[in-house]
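Colleague: Could we go through this model together, one residue at a time?

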Amino acid sequence: MPTLSPDQFRSRFPIFERRIYVNSCSQGALSTDVEGAVREWTESWHEGGSPWELWVEKVEALRTAFAASIGAERDEIAVMPSASAGINAIASALDFNGARSNVVMGEFEFPTLAQIWLAQQRRGAIVRWARAIGERLEVGAYERLVDEHTLVVPATHVCFRNGHRTDIAALTDLCHARGAYVLLDDYQRTGSGPMDVHALGVDFMVTGCLKYLLAAAGVAFLYVRHDLIERLEPTITGWFGRVNPFAFRIDQVDWPDTARRFESGTPPVPSAYAALGALALLERIGYEAVGRQVERLVARYRTAAEAGGFVVRTPAEPERRGPLVVVQSLDGPALVSRLGARGIVASCRGNGLRVSFHAYNNEADVDGVVAALEAESALLERASAPAVSAPARAYGDVGQAAADVAAPNRS
Ligand SMILES: Cc1ncc(COP(=O)(O)O)c(C=O)c1O
């Protein structure tokens with residue numbers, strides 16, 4: 001039962017005493033709850049020396065808490081050190097040499113997802129690209145590509161570069177009608193609103209804790225739909241992927257009938273403590289309330305940025321965007337640093353200024369960012385400058401991703 005109002009939630013993040021923090025798309029802000037959970041981990045270490053039984057229990061508690069937060073069963077969740085590790089575990093379990101060899105990806109993927117599937121080409125995968133038009137990637141772009149040769153469609157929910165949200169339910173319907181799996185990368189959305197992974201219907205999902213799940217690097221999740229688990233045996237594996245890791249067998253590889261089979265080495269205990277602290281805090285405000293606050297702030301910011309004459313790259317329709325809004329600047333790194341000098345923490349990808357919201361943000365944050373954009377408008381593209389206006393920009397080919405050079409801060 002949610003007990004915290006958005007104001008009470010915000011008060012648990014000390015950074016708001018000093019800054020306007022709108023960078024959850026890179027890293028969620030640190031709460032006193034997560035700080036306390038990390039302290040609990042160090043204290044358990046001081047106290048017990050090597051309390052591995054307790055630490056493994058904590059990882060199991062995290063599995064249960066995360067599963068509940070997305071409407072999954074706990075047996076459908078593997079606790080991973082990164083989203084990449086989750087994608088790799090699935091890729092390694094697939095066979096590209098049968099009737100289905102094709103992997104169909106969109107142009108808005110995060111690099112790690114694209115790279116892992118490109119690396120499968122050596123194992124027989126054939127990669128095909130669904131093209132974006134301007135800042136939009138429609139399910140129609142997959143129509144001609146997904147067929148009886150398609151094995152898997154890895155797709156990012158919210159694009160880290162422009163905030164575009166793909167219609168995953170429609171994409172999943174299309175892929176399933178044609179016998180292909182869908183692997184969802186939900187990293188840029190999980191924690192920013194409610195999620196029912198079964199209703200969404202995807203086969204696999206990866207996400208991690210350091211963005212809208214408000215915890216630290218080192219822990220991520222892989223969801224595998226129940227009926228698929230026992231059909232898949234990853235070749236990227238290890239002792240924590242066994243029925244009983246503590247049997248210490250070197251003469252056989254056995255497979256648990258749960259998603260634990262996709263895990264490999266020693267679990268990320270400190271990050272698991274942090275993530276448990278963060279999930280407990282998110283429960284206290286509730287994902288419905290988070291989603292409402294995020295949607296309200298995204299709408300307010302997007303509307304104000306557009307009214308200010310700036311080039312907004314994120315779609316206008318609420319169902320086609322997530323918690324991130326991208327406005328086109330003339331020099332992204334310079335703008336981020338000027339905003340930093342004004343006490344605003346944001347980030348950029350290339351010249352796209354990324355401003356993202358969580359339930360800890362409020363209207364004053366939005367208005368503060370908009371005022372700062374107006375003050376720094378010399379560094380922003382204007383919608384009236386047609387030659388370079390962003391909606392006319394076609395990704396054209398996947399090389400655009402390379403052209404949008406990543407700034408040193410995290411994605
Ligand atoms: C959409 C998306 N997927 C994946 C990742 C990275 O995943 P990991 O570093 O946990 O493999 C990020 C950002 O860090 C991301 O934004």
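Modeller: Buried means under 20% relative accessible area, exposed over 50%, and partly exposed in between, with a 1.4 Å probe and protein chains only. The model is predicted, so local features need pLDDT of at least 70 and side-chain atom pairs count only at pLDDT 80 or more, while totals for chains, interfaces and linings use all residues. Residues are numbered from 1 along each chain as its sequence is written, and side-chain values use heavy atoms, with hydrogens and water left out.

Colleague: Is E263 buried or exposed?

Modeller: E263 lies in the loop between α9 and α10, where helices (H or I, at least four residues) and strands (E, at least two) are DSSP runs numbered from the N terminus. Because its relative accessible area is 6%, E263 counts as buried.

Colleague: Which side chain makes a polar contact with the side chain of E263?

Modeller: A polar contact is a pair of N or O atoms within 3.5 Å; within protein, one must be able to donate a hydrogen and the other to accept it, and residues adjacent in sequence count only if both atoms are side-chain atoms. At 2.7 Å from the side chain of E263, the partner is the side chain of R63.

Colleague: With which side chain does the side chain of E76 make a polar contact?

Modeller: E76 is placed in the loop between α3 (52-70) and β2 (77-80). The polar contact from the side chain of E76, at 2.8 Å, is with the side chain of H198.

Colleague: Where is W239 found?

Modeller: W239 is partly exposed, because its relative accessible area is 37%. Its place is the loop between α9 (226-229) and α10 (269-285).
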